[in-house]
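Please read it alongside the sequence and the coordinates.

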Amino acid sequence: MTKLLLRLLAVFAAVGLVAALPAAEVDTPAQTCTTPSKRRSWHDVSETDKKAYLTAVRCVMTSPQKLNRLPGAKTRWDELVSLHQIHALQIHTTGQFLPYHRYYIKTLEFLLQECGFKGDIPYWNETRDAGKFSKSPVFDPVLGFGGSGKGGQNCVTDGPFANLTINIGPGFKSEPRCLNRRITDALSGGTGQSYYNTAISGAKYPQALDAIYSGPHLIGHMALAMMNGDSITSSGDPVFFLHHGYVDKMWWDWQSKDKTVRLKEISGLNAQDPAVGFSEFSGGMEAESAMWGKPTAAILAVTPNPQSGDGGPTLTLGHIMSSLGIIPNATVADVMDIKGGYLCYEYV
Ligand SMILES: [Cu+2]
């Protein structure tokens, strides 16, 4: 049943390996984490802190782009979305899914700080709203992200992000469209406690990865249909980052069950298998590209080599992850421990 529904979800795929870029520099991370920042579920964030976060996100969305190299990006937020678009075929249905999205949230954090944000990044504990997403405080029109979109395009018309334009997407295109989402409460039941328990019960990394990816991660995307449920550019909706905070928490909760092993356990591919593409869609990359197009020449020109730091198609702890200049590159090893020094936060 899940697979069929997932197909309704929408998005893409494409072929294409990528332009080889020289191995990038990785900064040397700090080695200690003495005062981790606290990632709270939106339910538990104070009114003042909610306002500060929403104001900072809006600031990133309305600030001009800076890198002058990401195709179609007009705003700083577009650059963040572009990063996801450029990496889409490397970071979904691959071993990189969990580490890259952990790094991606850190990239958001940097952009918020650029806008003066000094607080902690929130996440969304979706088990608390399973089956009733639309009633979640996440979608409050004043102290949240606005609700389900309106009209044929599902444009968000209330809250701090009403009537904003995203210039990246759909798929591999860059065609300005409204920030949009469509909440379906019936689908959100799949983020409940029992689904969470299943998601973090994998024996080894491949099972955990698949259980998290195909379970609450995809269910949440289906229930929210952010940016038309576009797998390539759904991060245009800022709710994406609360959802992926929850995804990150699930990985961490799984890791925490056996840190000795799991803080070093990584495997899988560093780019999609063309025959498979996104696991939630059938037909492999070529068939999926009928939905979402293929990476354009301009996108390929800035796409990092997916084997950077690995020396082959298998993901390793040495794999180098890039934000294309927003923050310094990092290795997968850097992000394995959320209190390892390079990262310093905890879920409370
Ligand atoms: Cu993603």
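Which cysteine forms a disulfide with cysteine 155? The partner is cysteine 178, and the two sulfur atoms are 2.0 Å apart.

This is a predicted model, in which local features need pLDDT of at least 70 and side-chain atom pairs count only at pLDDT 80 or more, while totals for chains, interfaces and linings use all residues. Residues are numbered from 1 along each chain as its sequence is written, and side-chain values use heavy atoms, with hydrogens and water left out.

**Disulfides**

- A search of the whole structure finds three disulfides, a disulfide being a pair of cysteine sulfur atoms within 2.5 Å.
- With the bonded cysteines of the protein chain numbered in sequence order, the pairing reads 1-6, 2-3, 4-5.
- The link of cysteine 155 and cysteine 178 is left-handed, with -85° about the S-S bond.
- Cysteine 155 lies in the loop between H4 and E2 and cysteine 178 in strand E3 (residues 177-178), so this pair ties together parts that are 23 residues apart in sequence; helices (H or I, at least four residues) and strands (E, at least two) are DSSP runs numbered from the N terminus.
- Cysteine 155 and cysteine 178 are both buried, where buried means under 20% relative accessible area, exposed over 50% and partly exposed in between (1.4 Å probe, protein chains only).
- Cysteine 33 and cysteine 344 form a disulfide with their sulfur atoms 2.0 Å apart. This pair links distant parts of the chain, 311 residues apart: cysteine 33 is in the loop between helix H1 (2-9) and strand E1 (37-39), and cysteine 344 in the loop between helix H11 (332-335) and strand E6 (345-347).
- The torsion about the S-S bond of cysteine 33 and cysteine 344 is about 85°, so that disulfide is right-handed. Cysteine 344 counts as partly exposed, at 24% relative accessibility.
- In the disulfide of cysteine 59 and cysteine 115, the sulfur atoms are 1.9 Å apart. Cysteine 59 is in helix H2 (residues 47-62) and cysteine 115 in the loop between helix H4 (97-114) and strand E2 (165-166), 56 residues apart.
- A torsion of about -75° makes the disulfide of cysteine 59 and cysteine 115 left-handed. Cysteine 59 is partly exposed at 25%, and cysteine 115 is partly exposed at 24%.

**Copper site**

- His84, His92 and His101 coordinate the copper ion through NE2, at 2.0 to 2.1 Å. Donors are N, O and S atoms within 2.8 Å of the metal (3.2 Å for Na, K and Ca); water is not among the atoms, so sites may look incomplete.
- Along the chain, the copper donors follow the spacing H-x7-H-x8-H.
- Histidine 84 is buried at 0% relative accessible area, and histidine 92 is buried at 4%.

**Aromatic contacts**

- The structure holds 19 aromatic pairs; rings of Phe, Tyr and Trp (its six-membered ring) pair if their centres lie within 6.5 Å, and planes under 30 degrees apart count as stacked, over 60 as edge-to-face and the rest as tilted.
- Among them, phenylalanine 97 and tyrosine 213 are edge-to-face, 4.8 Å centre to centre with 85° between the planes.
- Phenylalanine 97 lies in helix H4 and tyrosine 213 in helix H6 (residues 205-224), 116 residues apart in sequence, and both are buried.
- Ring pairs link Trp77, Tyr100, Tyr103, Tyr104, Phe240 and Phe241 into a cluster.
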